[in-house]
Amino acid sequence: SGSFAVSAVEMALWDIKGKALNVPVYELLGGEVRDRIPVSGYVFIDTPEENVKLAQYYMSLGLPGLKVKVGRDPQSDIDRVAALREAIGPDKIIRIDADGAWSAKKAIQVIKSLMPYDLALAEQPVPVHDHEGLGLVRRSVDVPVAPDGPLRTLEDAVRYIRMQTCDTLVLRPEQTGGLQNFRHVAAIAGAAGLSCASGSAGTSGVLMAARLHAVASCSNFPYPSDSHYYFLADDVLKGGMLKVEDGTMSVPKGIGLGVEL
């Protein structure tokens, strides 16, 4: 769709407009609902021991929860999620993301097996084209269900809402073609009674700043925003990497996107 390239130009134009008008981008997007955005830690498929070690690092940052990749082996997934829940305690959020690895039948089986560990959200449990399967999973489990990767356009959002296949939409401004479409999709979801979550497909400080502005201007994002930002050794921003404090990231307050290269 070319959305990643288009979004880079679109975000740069928001930055230019904000600087021209001497206001932060979130003001141009409709105003700031919150000035700090909770963020979650990414946990990829590894041994339970390595996953727990990474989760303990995230907990040291005060993060409110984890996004856990699953889908390679059901029993391994159960063992890992069980170990993570024991390690982080009952009050932290665990979201799982299968990246479309399961059939609807397998997804229902595995998600039900994981329900004792209090899942907050199950993302893309079935292949992206299987809308009927996603709807079947939603009706069969007591865990909110969301599509992830295929959600790129306003038409995609309307399709999921009309087919009643999900409870939440996972959005990335770099996939929707920029901040304006991100806000439009979030508004469509909110009007239909759906919540949203902010996903990540790799993050620089510039993109992280843009995402913070976008989420700060929306009211229907109850989940911590997931990010790959922790995996960077350094960033291209003046002053170094954006900071995580008490499990949240502050929305940059300067004009435009509020960051400089």
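In strand β3 (residues 93-97), I96 is the bridge partner of V68 in this predicted model. Strand β2 (residues 65-69) runs parallel to β3, and five bridges connect the two; strands are taken as paired if DSSP finds at least two bridges between them. Helices (H or I, at least four residues) and strands (E, at least two) are DSSP runs, numbered from the N terminus. Between β2 and β3 the chain passes through helix α4 (residues 74-88), and this β-α-β crossover is right-handed. A crossover is given this hand if, with the strands pointing away from the viewer, the path from the first strand over the helix to the second runs clockwise.

Strand β3 also pairs in the parallel sense with strand β4 (residues 121-123), over three bridges. Here D97 stands opposite E123 of β4. The chain goes from β3 to β4 by way of helix α5 (residues 104-114), again in a β-α-β crossover that is right-handed. Because four of its five residues are buried, β3 is largely enclosed by the rest of the structure. Buried denotes under 20% relative accessible area, exposed over 50%, and partly exposed the range in between (1.4 Å probe, protein chains only).

Two residues other than glycine have a positive phi. D118, in the loop between α5 and β4, has a phi of about 55 degrees. For Q164, phi is near 55 degrees; this residue belongs to the loop between α7 (154-163) and β6 (168-171) and is exposed, at 54% relative accessible area.

T165 lies in that loop between α7 and β6, but is buried, with a relative accessible area of 2%. Apart from neighbours within four places in sequence, T165 is in contact with H131, L134, G135, R138, V145 and Y160, contact being heavy atoms within 4.5 Å.

I16 is located in helix α1 (residues 3-21) and is exposed, with a relative accessible area of 54%.

Residues are numbered from 1 along each chain as its sequence is written, and side-chain values use heavy atoms, with hydrogens and water left out. In this predicted model local features need pLDDT of at least 70 and side-chain atom pairs count only at pLDDT 80 or more, whereas totals for chains, interfaces and linings use all residues.
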